Each structure stands twice: as structure tokens, then as C-alpha cells.
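Please read this briefing with the sequence and the model side by side. The points are grouped by topic.

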Amino acid sequence: MEVSFSREVGMLRRGNGETFEGEGILAITKGLLEAGVAYVGGYQGAPVSHLLDVLVQAKDYLAELGVHVEACSNEASAAAMLGASIHYPLRGAVTWKSIVGTNVAADALSNLASPGVTGGALIIVGEDYGEGASVIQERTLAFALKSTLVLVDPRPDLAHMVRFVEEAFGLSEASNMPAILQLRIRACHVRGRFATRDNVAPAVSALRPLAEPAAFDYTRLSHPPVTFRHEKLKADERLPAARRRIVERALNEVFEGARDDLGIVVLGGLHNSLVRALAAFGLADAFGAPALPIFVLNVVHPLVPEEIVAFCRGKRAVLVVEEGQPEFVEQEILAILARAGVDTAIEGKGPLPMAGEYTVEALARGLSAFLARHAPELDRSGADGWLASVDARRAEVTKALGDPLPPRPPNFCIGCPERPVFAAMKLAKQTIGPIHVAADIGCHSFATFEPFSQGHSILGYGMSLASRAGVSPAMGKRVIAVMGDGGFWHNGVVTGVQSALFNGDDAVLLILKNGYTSATGTQEIISTPDEEVKAAAADKTRSLVHDNQVIERMLEGMGVRWLRTVDSYRVDEMRATVEEAFTTDFAGLKVIVAEGECQLERQRRVKPWRAGLERERRRHVRVKYGVDEDVCSGDHSCIRLSGCPTLSVKDSGDPLKVDPVATVLDGCVGCGLCGENAHAATLCPSFYRAEVIRHPNWRDRALAAVRGAFGRMLRGGRA
Ligand code: SF4
Ligand code: SF4
């Protein structure tokens, strides 16, 4: 990966008496080292990618402490890594994006939770829920409930979050339950500071290894008949032990308010938004001190019935603030109070919406309804006025535009190698007709948006080929599955390729080999170009993914007999190859590898290289495409075929041309797609390719002089 986290790595070294400043997710990273973690693993994904990215770049420092870091091939392998804490007194932490990552890890998590752990086992999940999310809207709490895992959900405050890393390890060790530390998107990106402590080198590590393995202990296996005993241990010993620890360490917090007849129970991660909403009613000050008592659940599972009863008893009504559905916490609180004979009215879903992120606005609307019912004497005019102004502004915008704003879906980067592949597929359909496209997770899922609109289903990361297995036999023509190299290694090679080969499936797989898991932050994989190759490349603008052939060798080794490798930017060749895959007599698995290095990574290499040449005033050439506006017919078929953000429109300046003409903005990286598309789709000949030469040499100048003279001659001597 070419993004440098050297500043963050430097902050990991801070010790007693120093201050850490930065994002929540990096504070958690530091918290792990202060808590004496022995091993860390995971699979990247927003909003927790930085945790692993930083630790991978801090490997040298971690080796000094004896902390092992593993970039795992998927979340299942990360969860399995926690098996080290079953027998050994090792604190281990893994991280991934939830809910999708937790789904992948579920098998290993169940098998970990059943025997339980000796050393603290911590799973740091990025709870990708709400308006900034990129995955299915489900909650991790369901996994904690079904597998009997601790679920920690700390208030988003850096010092508090760091404390809860240590507390979660302690809770895991006291209860033998693995613990999930849940961080919402806002918690990962909240900024702040905290006083650091010295990092703790683990007692057992690569520097101080165990002399002998643990003695054989059948009860540590997740296998019948001991699994029956494990279930009883969960109920009879582990959950009670966790509850005792939660009380002893005062992990949940009560913020007292001026009145005691009403109250709010909130999951820790929602606390900041709640106090902002309360402030709109004048029920919290600028520092978050509330007028209504708030019970903050920093530990969401298990709940401690005595704490719930103590908070709710004597109150007329309590609002439960729990985002998403089903309302697990609200239901459990209702059951706890019913068993204790407490008749406090519990509200939650009803005033608050069942689905969707609890933004400050959503919370304010819920609070307004709750207060109207239970405290009508309170003046709500300030908050209600603010909410009314929000509604009025929305109505004004809609009225001004006539219609809602046009959607602005995410798009491939400028010059992305995946864009030409979907342009080629679009063109191939002119010959082979409509086709079923099994899509996947990755940057290529942007092709499901305009102008490509390709992809019938997405069943998970690396699952496209597997997801067409039921479609192929029911379809009168072949089906194509699209997969990135990230998805291929995540599990596509096993769930898709192995299965299709074993079953002799007649299918087409298109692998977008860009060299990185680009969508999660361009992390490196086994098929990433080697650093030596990058350093040695004289022309840094060249795509380097061809230099790593591990995917192709793997496919050949597995028995793929129809394998084509095509440069992603060769639109005509790609179109012909897709057409061949759909029409060949070969009835087995056909694999097309589209090779083109992730343009984002390529530009990270190219830009500093160009800047260096510029500083040294050395010759370098930048390729740019442009449109001759006199030739452009204004039908914009080039835009419909490409979708590149730098391919735009402008007024023609010609009174006889009503439609705007196409134009290429300055961001063009000269990927060549405009020229390829014009050729492959026989578009109007308005595109030109220009080479912008900086610090030209005498040959460039001589050539320019000759060309200039020739041009003037053709123009009859005019300049
Ligand atoms: S990150 Fe790379 S692969 Fe993803 S859209 Fe950008 S250039 Fe394409
Ligand atoms: S050549 Fe065309 S597609 Fe490529 S970056 Fe430039 S404008 Fe975009």
C-alpha cells in the first residue's frame, strides 16, 4: 500500500505523560498496545480499515514489543486466529467490517464462543450502519446474543473508548466469553485527544515464547458431547461472571438529571447524538450534562437486570434509544421489568423509528413525541421550531427544483481500469444480446450504476461465480460472473472457481485484476506487484499488474483450460473476448482476466515521480485526451459509453449547434479509454490524443518546429 501512516505509527509509540490526538479508530489501535495485546489480525473494511493498515505499517515497532500482526485473507481466518486465546493466556484482537465480516466469520466465532477463552479475545467491528454505510443494514448484536458474546458499545469519547479496550479484555477474561467491541461509523471518525500510557509488552509472545503446548483437554474442543456442557456453562457461569464484572467495574454509567420521573436508556455509541438532540430541547448543556437521567449501556450484552431495575423503578416512563431492528434491548428491558414487577412505561420503537440511523434529527423527533406524551408541560418549542425549519427547507428545495435532486451515485475513479471492461461488455451485448451478470463486492460494483447498469445480484464478497450456479442451468445462454482479485482471494477461488470446475459448469468468469483490494483502501494482496518491480520500473506510468501471475498460475493449476488475459483498456479486444466466451464450443469454465492496475495506486506512484522530474527540470510527458468541438456532433454517446467524470459537456459557442459538445476536463489521466471507445464503438472522430511535454529537449523542439511549419503551410501561411 502506498498510503503512508508514518505519523500515526509515531503516535503509537507515545507513553506515560504524553498526549494522543486523532481519530477514534486510531485511539483504539493505541489502546490495544496499552492493554498488552499479543496478537492482532483482521480483514480491512470501512470504517475500521485504518486499524489494520496502521498496525501493518508499524510491524517493526510491534516486533520490538513482541506483538504479532497478521493481515488475514478474510474474516473467517481472522476469527479463527482467536483460537490462540482458548488455551493460552494471550490477549488477541481481530477487526473487520460488520455485518458482512461477522457473517463470514460466524462459523469460527461460534466454535470459539462454545469452549470459551482463557486469554482476552476481542473482536473490533466497524458497525457499518446508517447513512454512511456501504453494506446491508443489519446489526452485530444478533450475533452476540446467539453465540453468547460480550458486546461492548462505548460512548464515543477517545479516553473512554481506550479505557474500554482494556475493560473488554478484562471482561472477556473474567467471563471466558469472547468480546465484541462495536464502533459505529461516527465513533471511528470522532476526533479528540487522550493522555497516553506506556505500551505493555505481552508476557507471552514471539520474544518470550511458551516452552510447551497446553496439555490435551477435550473440554476445549467445540465438539459433542462437551458442547452440551458449554451451553450450560454459558448460562450458569459465564453470563453471571460477566454481569458481576460489569457491576464491579462500573462499566455502565448513569448521568443524573434534575428530574427523576423520566429517564432514557441509550446504547453507548448513540450517546453523543442523544445529548445533541436533548440540547435542542434545552435538556442538556453544551458539555452534555442532561436534565433527564440517562443510563448509558457501554456494555449492551449481557444486560444486568439489577441495574435496569434500579434505573427504571420509580420513574413514570423511560425511553430506550436503540438503533435498528429488531428492538432486542427494548424487549429485554420489558422482560426484566415485568419479572421484577416494575410498571414503568417503556417507550422506544414508536416515538423513534424502527429502521434507519438515529441522527440528531431522528432523535429529536422521537424525543418530541416522547415528551409530548409523558411531559407535556415541558416547553418543546425550541426543538420543534428547529424541526419545522428543517421540514420547510426540504419543501423549499423540492419546490425550487420541481423534482427531487437527481441522484449522484458513486463512480469509478478517473482512468479506472474497470470502466473500459464494462464499456466492452456493453458493446458485446450488441452481438450476444442481453446477458445475466452476477456481480460482486468491490469497486466494480459501481458498474451497477449509470451509465453501465450491469449486475443482476450481489450475494457477498467473492460470491459472484457461486451465485450464478443456480441461474446457469435455468438460462438458455451462458451467464457471466464478475469478480475482483480482492474477492477472488477472499473466497471466490474456493466458493466459485473450485465449485464450478468440480461440477463441470459451463460459465464465464471475468476477473478484474487491478492488483489490490481497492475498494477497502487499496490494501495489498498476494497478487499485488512487488515493491522491487515498482521501484525498478523506468516508466512509472505503466500498469504493473502483469508482472505478478499468481492468479493465472493458480487457475491453471486448478484445471482451468479456457483462460484469456486481456489488457483492460483494450476495449475492442475485450469485447471480442467476451463474445468468444459466450459463443465458443468449449463447455467448461471460461475465465477472462482483465489486467489493469488500480489507477488510484498508479497515480500515487506517478504523481511523486512526476513532481520529482519537475523539480529537477527534467523532460516528462503527460498524455491527455481532448475533444475537437468543431467535429463533436453533440450526441454524447462517448459519455454514455464511458462515464468518466472528466468527460463532460460545455456550450459549443456555435449558434447552429443547439446541444452542448463533449469536452475533456483537466483531470484526465490519459488512460486511453476515450480513444479506445471511439475506435471500438465507431464514434465520431472528435477525440484527439495530445502529449504535453514538460522541459522539452532539442529533438522535441526541432520536431515541433517542423510540425509547426508544415501546419502553417497547409493553412496557406496563416499562423
Ligand atoms: S480505487 Fe482503483 S479500482 Fe477502485 S475505482 Fe479507483 S481506480 Fe478503479
Ligand atoms: S482518456 Fe478519457 S476516460 Fe481516460 S481519463 Fe481521460 S477523459 Fe477519462
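**Ligand shells**

By class, the shell around ligand 1 is made of six nonpolar, three polar and one charged residues. In this count Ala, Val, Leu, Ile, Met, Phe, Trp, Tyr, Cys and Pro are nonpolar, Asp, Glu, Lys and Arg are charged, and the others, Gly among them, are polar. This is a predicted model, in which local features need pLDDT of at least 70 and side-chain atom pairs count only at pLDDT 80 or more, while totals for chains, interfaces and linings use all residues. Residues are numbered from 1 along each chain as its sequence is written, chains are lettered from A and ligands numbered from 1 in the order in which they are written, and side-chain values use heavy atoms, with hydrogens and water left out.

- The residues surrounding ligand 1 are Phe412, Cys413, Cys416, Glu418, Cys443, Asn514, Ser518, Cys598, Gln599 and Leu600; a residue is near a molecule if one of its heavy atoms lies within 4 Å of it.
- Around ligand 2 are Ile414, Gly415, Tyr625, Cys644, Thr646, Val664, Cys668, Val669, Cys671, Gly672, Leu673 and Cys674.
- The shell of ligand 2 divides into nine nonpolar, three polar and no charged residues.
- Ligand 2 sits in the largest cavity. A cavity is a set of points, on a 1 Å grid over the protein atoms alone, where a 1.4 Å probe fits but cannot get out, and a molecule sits in it if more than half of its atoms lie within 2 Å of its grid points.

- Strand S2 covers residues 39-42; strands (E, at least two residues) and helices (H or I, at least four) are DSSP runs, numbered from the N terminus.
- Tyr39 and Gly41 on one side of S2, and Val40 and Gly42 on the other, are all buried, where buried means under 20% relative accessible area, exposed over 50% and partly exposed in between (1.4 Å probe, protein chains only).
- S2 pairs in the parallel sense with strand S3 (residues 68-71) over four bridges; two strands pair if DSSP finds at least two bridges between them.
- Glycine 41 has glutamate 70 in S3 as its bridge partner.
- S2 also runs parallel to strand S4 (residues 92-98), joined by four bridges, and valine 40 stands opposite alanine 93 there.

**Aromatic pairs**

- The structure holds eight aromatic pairs. Rings of Phe, Tyr and Trp (its six-membered ring) pair if their centres lie within 6.5 Å; planes under 30 degrees apart count as stacked, over 60 as edge-to-face and the rest as tilted.
- The ring centres of phenylalanine 422 and phenylalanine 452 are 6.2 Å apart and the planes stand at 50°, so this pair is tilted.
- Phenylalanine 422 lies in helix H17 (residues 418-432) and phenylalanine 452 in the loop between strand S15 (437-439) and strand S16 (457-458), so the pair ties together parts that are 30 residues apart in sequence.
- Phenylalanine 422 is buried at 2% relative accessibility, and phenylalanine 452 is buried at 4%.
- Phenylalanine 488 and tryptophan 489 form an edge-to-face pair, 4.9 Å centre to centre with 85° between the planes.
- Ring pairs link Phe412, Phe422, Phe446 and Phe452 into a cluster.

**Backbone details**

- Alanine 46 and proline 47 are joined by a cis peptide bond, with omega about 0°; proline 47 is in the loop between S2 and helix H3 (49-57).
- Asparagine 176 is not a glycine, yet has a positive phi of about 65°; at 34% relative accessibility it counts as partly exposed.

Methods:
1 Å grid on protein atoms, 1.4 Å probe; cavity = no way out; pocket = protein on both sides within 12 Å on 5 of 7 lines; lining within 4 Å.
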